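Have the coordinates open as you read.

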Amino acid sequence: MLIDLHAHSSASDGSLSPEELIDYAIEKEIKILALCDHDTTGGLSRFIAYGAGKDINTISGLEISATWEKGNCHIMGLGISSDYAPLESILQKIRDSRDNRNLHIIEKLNSFGIDITIDQVESLAGGDVIARPHIARAMLNKGHVSSVQEAFDKYLAKGAPAYVDRYRLDPENAVQLLLEARSLPVLAHPSQLRLSTEELDNFVEKVKCMGLAGMEIYTPYTPDDELPLYINIAEKYNLFITGGSDFHGESKPNHFLGYYRKDKPIPESCAIAVI
Ligand SMILES: [Zn+2]
Ligand SMILES: [Zn+2]
C-alpha cells in the first residue's frame, strides 16, 4: 500500500490544486495522503471535501517554518483542525510578515540603486505567495544580475545586504500551537536542521518536552546510510516515525508521491499514527 504524509498544493508553493493532487494521488494508487502546505490551512477544506467518498484516505496537515540559524526547521501538524482561531490568526501574521518583508527587501535594493518595483515582482508570481525567487527574477529581467543565483549570493541570501527576516515562531512555540490545534506535531526532514548527532539529540529532547509526537524519517533529504541515526533518536524519545515525499508537483520534479526516493516506497508502517 502506498502512502504519503507530506505533500503540498497550490495553496502554498505546489503546482497542483488540492483537487488535482487527489486525482494524481489516486492515479498513483496512493491510499493515505496528508496535505501539509506551508503556513496555510487554506487548501484543506477543498482537499478533504474532494477526497470524500473516493478510494483514498485524506489527512489534514500543515507545515510551519520555525526560526532557525543554520538550515531549516519545519514542524508539521498532522490531523490539524483548521477552525482553531488562534492558529489562523498566527498563520495570518506569518503571511502578512512575508508580504511586508518583500517590500522591505525592495526598499533596500532601491537604496543600492537597483531599480525594481513590487508590481514588477508580483507580475512574476503565479499565486498568493510572493517570495525571494520572484524578486531575484525581477532583478535578472532588469539586468542588475546575470543569474538568480547571483541575486541571492550578492543581495538576498541570509547575511547578504538586502536580506530581511520575517516573523516566525520558535520551534517550541510551533509545537505547542500545533498541539493546541489538536494535531500531532512532527519534526519534518530533520537532516535539514544541519545539526551534529549530539546537537540533534539535545534539540529533540527539548521539543519532545513541549509535546513533539513524531519525526519524519523517510524523506528525500536523508541519505540511506543516515536513516539508522534518525531512527535511533526517534526511538530514544519515543516518537512515532513518519515518511513523506515533500511532493510539490512541477515545482520540485525530483519528489515522487508515495516514494521517499524514486524507487523506494514510504513504509506503510508510517501510517499507524494517523489512522
Ligand atoms: Zn519542509
Ligand atoms: Zn514540505
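Is Arg194 buried, exposed or partly exposed? Arg194 is partly exposed, because 14 other C-beta atoms lie within 10 Å. On this scale a residue is buried with 20 or more other C-beta atoms within 10 Å of its own, exposed with 12 or fewer, and partly exposed in between, with C-beta atoms placed from the backbone.

## Ground rules

This is a predicted model, so local features need pLDDT of at least 70 and side-chain atom pairs count only at pLDDT 80 or more, while totals for chains, interfaces and linings use all residues. Residues are numbered from 1 along each chain as its sequence is written, and chains are lettered from A and ligands numbered from 1 in the order in which they are written.

Helices (H or I, at least four residues) and strands (E, at least two) are DSSP runs, numbered from the N terminus.

## H1 and its partner H2

Helix H1 (residues 18-27) and helix H2 (residues 44-51) have axes that come within 8 Å and cross at roughly 40 degrees. That makes H1 oblique to H2; angles under 35 degrees count as roughly parallel, over 145 as roughly antiparallel, 65 to 115 as roughly perpendicular and the rest as oblique. Axes here are lines fitted to C-alpha atoms, for helices over the stretch in contact, and angles run from 0 to 180 degrees between N-to-C directions. On the H1 side the contact uses Pro18, Glu19 and Ile22, and on the H2 side Arg46, Phe47, Tyr50 and Gly51. Two residues are in contact if their C-beta atoms, placed from the backbone, lie within 7 Å.

H1 has four buried residues to look for: Pro18, Leu21, Ile22 and Ala25. Viewed down the axis of H1, they fall within an arc of 100 degrees, so they line one face of the helix; the arc is that of the directions from the helix axis to the C-beta atoms. Their cover includes strand E1 (2-7), strand E2 (30-35) and H2. Just after H1, Glu29 takes a positive phi of about 60 degrees.

## H5 against H6

Next, helix H5 (residues 132-141) and helix H6 (residues 148-156): their axes come within 9 Å and cross at roughly 105 degrees. H5 and H6 are therefore roughly perpendicular to each other. From H5 the contact takes Arg132, Pro133, Ile135, Ala136, Arg137, Met139 and Leu140, and from H6 it takes Val148, Ala151, Phe152 and Leu156.

## The buried side of H7

In helix H7 (residues 171-180), the buried residues are Pro171, Ala174, Val175, Leu177 and Leu178. They cover an arc of only 165 degrees around the axis, which puts them on the same side of H7. Among the elements covering them are strand E3 (57-66), strand E4 (73-78), helix H3 (85-111), strand E5 (184-187) and helix H8 (197-210). Just after H7 comes Arg182, with a positive phi of about 55 degrees.

## Loop residues worth a click

Back to Arg194, which sits in the loop between E5 and H8 and has a positive phi of about 55 degrees although it is not a glycine. Ala188 is also placed in the loop between E5 and H8. Ala188 is buried, with 25 other C-beta atoms within 10 Å, and its contacts include His6, Glu63 and His74, leaving out residues up to four places away in sequence.

Asp246 is another non-glycine with a positive phi of about 55 degrees. Asp246 lies in the loop between strand E7 (240-243) and strand E8 (259-261), and is buried, with 21 other C-beta atoms within 10 Å.
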